[in-house]
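Below are my notes on the model you sent, as numbered points. Please read them with the structure open.

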Amino acid sequence: MAQDLGESQGQLPEEVNEFLVESHENLDRLDRDLVALEADPMDKERLSSIFRTIHTIKGTCGFLGFQKLESVTHVGENLLSKLRDGELILNPAITDALLAMVDAVREMLARIESTASDGEVTYPELIARLTEAAAGSLSGTVAVAPVLAAAPADEPTKVEPVVDNPSQSEALAPPVVATSDLASKVAAADAAKEPIEAKSVISDSSVRVDVGLLDRLMNLVGELVLARNQILQHTAGEANSALVATTQRLNLITSELQEGVMKTRMQPIGTIWSKFPRVVRDLSQSLSKHVRLELEGKETELDRTIIEAIKDPLTHLVRNSVDHGIEMPEIRSANSKPDEGILTLSAYHEGGYVNIEVIDDGAGIDPLKLKAKAIEKGLITVEQASKMSDREVQHLIFMPGFSTAEKVTNVSGRGVGMDVVKTNIERIGGSIEVNSELGKGSTFKIRIPLTLAIIPALIIKSAGERFAIPQVSLVELVRLEAEQAKVDIDAVDGAPVCRLRGHLLPLVKLSEVLKLESELVEDEGATNIVVLQADHRQFGLVVDHVVDTEEIVVKPLGKQIKSVNTFAGATIMGDGRVALILDVMGVAKAGHVVSESLDSRSGSVSESRGDYVADKEALLLLGLGHSARVAVPLASVDRLEEFETDSLEWAGSQPVVQYRNGIMPLLWLASALGVDAGDASDSKLQVVVHSSLGRSVGIVVGSILDITEEQVTLDPYGSRDAIRGSAVIQGKVTDVVDLTPLVEAVVGELVGVGVIE
Amino acid sequence: MNIGNALAVGENEHEVSLKVQQYCTFFLGDLYLGVAVEDVQEVIRQQEMTPVPLSSPLVKGIVNLRGQIVTALDLRHRFGMSAYEKPPMNIVIRADDGPVSLLVDEIGDVVELDQSSYEATPETVDKLSAELVTGVFKLQGKLLLVLGLDKAIQFSEAA
Amino acid sequence: MRALVIDDSSTTRMILRRMLGEIGFDDISDATNGQEGLDSLIAGPTPEVVLVDWNMPVMDGYEFVKAVRAKPEYDNTPLMLVTTETELDRIVAALEAGANEYVMKPFTRDVIEEKLALLGLESH
């Protein structure tokens, strides 16, 4: 009958579509409202808003002939009108019933979307529950606990749909999820509504636009930017002032248009956050935890493609924080923390980036436990573990295979690990890090670019080819003239390195990494170094020429080349030719300036059996005396310094130098290792600065020979404390020295005699 | 040679039998090859190509096709032949995930062939070529090899 | 013929627009709540009829009717209330406040047409 009414009225697909969009939008708000209402059950305005949402859905169902949906929302409306009129007061049982209703409505909407009908499921149990609640009998229940305890732990509020017609049940069984297209439309519409809700008076002057159209516009703007770049190039040497002026205008208009179109694709992050109050509530209920969710900066805008991309990783992080971060209430109170844990989501702009933080005030990450777990899983060795800083240890949770194994299907698990979160975020050019304090809580910080489509880039040339480098990775440009390069670059075979303001910057020649035949202009002799940031490391990329900076339109590469991870995409230059965009991380890995991260090490562990073979490690090769050579891990070197012998002072029997507004004790490596230092006639002291226990100690060496990358074989019989193992460097077996015990001994001694505090 | 005209002729013939299939033909070394015209987006002259370092040797480079980045594949290499002797032509193929260009020595005519004369690849075709070919048409004096696009476009990194 | 549709549900607005269009209205504007409707009414040319939803945020149908009836220049503008059967008790209040007619959701085009005829608005 209802169907008949619908058809007789000429129920139109666009009206159904509108209904779906509108209802999804309303339901998202409803989730938020219901959760907020729990905190303040008497909030009149929210109650009216919730009532109106269900009322609207119910009212519209009649037109469209969705009878099942109408009957569910009808009982819901009844219950809500009693709540609104103060006849009933909200309690957790009623909230659960209402949330179950919202779920059922979503299910029916999904069904409508895929089959154009609300199906045969009638939800008698839900209707009974809502009716009961409206009659006040559910409200009498003092505690929700029994209801929850009886339900399966993971889905406490699930209502089993009952099917009228068993023959159709199979077809209906899998709940259909709204297509992403619709979802994004909903999100877009939601975004448009947000400010209105806040002010709730100003009339709605926004329109809904198909996201497909926005994408096409964005592509066209991309093309326009290219054409603009070409024209700019053609008119560069132009004398015709009218043409130059017009070009300038075109330039400005294009930039403004680009900015405008980009803005249309921006959505507040609140569009994906709106689901979290519900997620957090359901999850904390099922875990019997008390969690308060706080959202900061939900108006922060991001490109919609990025919004889509971070939705899942962010959801995982939120679930993870509720599940693993925030403790059970009894544990919290035992540690004199409030029962209720606080989970804060915070978003803010910084430069061309958006930072999103997921902060909990929970237990924090215990580095010891984490290490133990990683060792147990064979992800790292005991040896590696002992050398890791707390910060490094915390990042173990992003290793593949770390977070997945435990409680896979349950709460935050869902078969997805933190490594997937990390990968997904890195895929869109973002990064994630964790900062945790034991007992105080953890902060996950995601940093992502505002948009992916058009980026500022540095154009460089190497071996005659142009390449674009995203400017976000650019730290600085260094040009060393021939003379200077000789001094500052230590380039023996192996890995070249550049001294830059006292730091050692590993160098990577782009032509070498890309196996190009470099036409490096030897006669000019100058070296162009593009200093780049890859993860936590900086490195210098040696290129032939630095051309210019330009706004480039990022275009994807075909699948035949996607696997080449030194490239992030391609772009079309002003002359119409294609230039490849470098993937800075990929280049760094290919140039061995960052290790392939911990994950690659995990592979070699099992083969090594006892005598552990690490991956290649960057080593600083030092000369001691006439012929002795040792190596120290480059990672343990803070800086390289040179001091005049004259600047040497004594504090008691301890040689020191003044260094950075303080006093730095010195340690002669040769004597510490019992090696003949030879003649120390040099007027300058070559010093390797190493920090340990919060103090810097200068290690005086004979000479700094080279930086190289070698495989270090750990000596299981490590006879001397400070010798970590050995490596074959340039054909010679060389001891690899661990500076930490040496330095700690010195620092400990000095603290003991009061030379330093 | 002029593919545009050939296509236009084909479209004007309303009574095209279902069994008839048009092939865009081309030459690669000694081979006479063809792909179904539906799979061909366009044929363009040699474009300015940007090489892609570290990619498979089968990737000759990438070109700008009206704002779209298209990968150009070295079909001679695919067939185990030596390098191109003259600037190759691009046959732009409509692939599932965007156009891909096949570099060929020379473009032939569009031919209309009866599917009933389509045959399995004979033993005489060398093994490497046979793998990339789905079947043949025996024409007067020459053999037209039908290129298997899936194989020609997709390849493992090791290839 | 001109009509103003005030409803917070975009679907209902769409449906009403379609029905009114079929009936012969060629100039239909809409608003999402009473306040917006009032602004639109004052700003634009006076419509032949206003269809106004009962339950809306910011300003509901009842407040809207009262506000319009407080303005003598709209004395001759018919106001039709769009409600549901759960709001029956409120219809009386609205009619007392000055609404001329009402329809209950869900309704068909014929129902609207009939009600419009009662207001002296004949379709073409």
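1. How many helices and strands does chain A have? Chain A has 26 helices and 29 strands, where helices (H or I, at least four residues) and strands (E, at least two) are DSSP runs numbered from the N terminus. Of its 757 residues, 49% are buried, meaning under 20% relative accessible area, with exposed set at over 50% and partly exposed in between (1.4 Å probe, protein chains only). Contacts are heavy atoms within 4.5 Å; among those in chain A between residues at least 6 apart in sequence, 68% join residues at least 24 apart.

2. On conventions: this is a predicted model, in which local features need pLDDT of at least 70, side-chain atom pairs count only at pLDDT 80 or more, and totals for chains, interfaces and linings use all residues. Residues are numbered from 1 along each chain as its sequence is written, chains are lettered from A and ligands numbered from 1 in the order in which they are written, and side-chain values use heavy atoms, without hydrogens and water.

3. Chain B has a mean pLDDT (the predictor's confidence in each residue, from 0 to 100) of 81, and 86% of its residues reach 70 or more. Over residues 1-17 of chain B the pLDDT is below 50, and this stretch has twelve contacts in the model beyond near neighbours in sequence. Within chain B, helix α1 (residues 3-12) has the lowest confidence, at a mean of 41, and β2(B) the highest, at 93. Where pLDDT is low, the predicted coordinates should not be read in detail.

4. Chain B also contains an open sheet of six strands with mixed pairing, in the order β8-β1-β2-β11-β10-β9. Its edge strands, each pairing on one side only, are β8 (106-114) and β9 (118-119) of chain B. Two strands pair if DSSP finds at least two bridges between them; β1 (residues 20-28) and β2 (residues 31-36) of chain B run antiparallel and are joined by six. B:Cys24 has B:Val35 in β2(B) as its bridge partner.

5. B:Cys24 is buried, at a relative accessible area of 0%. A:Cys498 is likewise buried, at 1%.

6. Between chain C and chain A, 24 residues of chain C are in contact with 26 residues of chain A. The buried area, which is the accessible area (1.4 Å probe) that two parts lose on being put together, summed over both, is about 2200 Å² for this pair, with 56% from carbon and sulfur atoms. One salt bridge is counted between these chains, defined as a side-chain nitrogen of Lys or Arg within 4 Å of a carboxyl oxygen of Asp or Glu. C:Arg18 pairs in this way with A:Glu15, the closest N and O atoms being 2.3 Å apart.
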